[in-house]
Amino acid sequence: MTFDLFDNLPEPDSRGGEHSEAIGPGAVVLRGFALSRALALRQAIEQVHAQAPFRHLVTPGGFRMSVAMTNCGTLGWVSDERGYRYDPNDPDSGRPWPAMPAVFVELAREAAAAAGYPGFVPDACLINRYTPGTRLSLHQDRNERDLHAPIVSVSLGLPAVFLFGGARRADRPARIRVAHGDIVVWGGPSRLFYHGIAPLADGDHPLLGTLRLNLTFRKAG
Ligand code: SIN
Ligand code: FE2
């Protein structure tokens with residue numbers, strides 16, 4: 001991937017320790033953007049978990065994913081032997097996924113706007129739970145109907161290395177450290193870029209202990 005593609009990137013801004021870093025065409029990391037809301041986010045995640053517990057999904061190839069997942073919003077991302085899809089119901093309970101907490105919707109909208117994507121209204125939030133050693137291999141987010149909307153990805157707890165590649169699986173990914181409170185937003189020319197998470201290192205986070213939690217907001221329907 002060449003770096004001439006970076007022409008239309010949003011200008012960095014700096015508000016009270018927050019700043020944004022361009023990581024690709026139409027892609028930024030908003031450092032510390034979620035920090036002030038971390039406690040409220042953790043509480044909201046606990047409420048979602050109480051209704052729709054984290055579980056290890058199985059890939060279409062029959063492998064159990066090491067990252068535990070749940071969802072909230074009108075659509076939830078699920079995987080099983082039949083493939084990947086969005087489902088309005090939690091397959092474990094047969095009930096609709098929990099509603100998206102207001103603190104989630106607000107944060108996702110504000111982060112998208114700060115990254116140059118105003119008017120983002122997510123209908124799906126995938127919640128990923130990592131423990132040390134777990135990883136998410138390179139993939140594209142391509143099950144969404146509307147590829148005009150960006151992806152907004154919030155990191156909480158233990159730091160991780162976000163792998164951000166290019167349009168082709170073979171593009172060598174950049175390794176970007178994402179810490180508690182950071183938000184990655186990508187869309188437009190990088191909407192279908194390959195990405196993943198390197199194996200999580202050991203650690204002990206003051207708010208989340210030995211966990212990393214990730215919220216991935218999308219407009220899926
Ligand atoms: C994802 O690609 O769905 C999650 C990425 C992350 O955990 O930061
Ligand atoms: Fe993804």
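This is a predicted model: local features need pLDDT of at least 70, side-chain atom pairs count only at pLDDT 80 or more; totals for chains, interfaces and linings use all residues.

1. The four donor atoms around the iron ion (ligand 2) subtend angles of 89 to 175°, so the arrangement is irregular.

2. Which residues coordinate the iron ion (ligand 2)? They are His-139 through NE2, Asp-141 through OD and His-195 through NE2, at 2.1 to 2.2 Å. Along the chain, the donors of this ion follow the spacing H-x1-D-x53-H. His-139 belongs to strand S8 (residues 136-139) and His-195 to strand S13 (residues 195-197), so the pair ties together parts that are 56 residues apart in sequence.

3. His-139, with 23%, counts as partly exposed, because the cut-off for buried is under 20%.

4. Now to strand S14 (residues 212-218), where seven of the seven residues are buried. Both faces are covered: Arg-212, Asn-214, Thr-216 and Arg-218 are buried on one side, and Leu-213, Leu-215 and Phe-217 on the other.

5. What are the strand partners of S14? Strand S7 (residues 124-130) runs antiparallel to S14 and is joined to it by seven bridges; Tyr-130 has Arg-212 as its bridge partner there. Strand S9 (residues 151-157) is also antiparallel to S14, with six bridges, and Ser-153 stands opposite Thr-216.

Definitions and conventions. Residues are numbered from 1 along each chain as its sequence is written. Chains are lettered from A and ligands numbered from 1 in the order in which they are written. Side-chain values use heavy atoms; hydrogens and water are left out. Donors are N, O and S atoms within 2.8 Å of the metal (3.2 Å for Na, K and Ca); water is not among the atoms, so sites may look incomplete. Four donors count as tetrahedral if all angles lie between 85 and 135 degrees; four count as square planar and six as octahedral if opposite donors are over 155 degrees apart and all others between 65 and 115; anything else is irregular. Helices (H or I, at least four residues) and strands (E, at least two) are DSSP runs, numbered from the N terminus. Buried means under 20% relative accessible area, exposed over 50%, partly exposed in between (1.4 Å probe, protein chains only). Two strands pair if DSSP finds at least two bridges between them.
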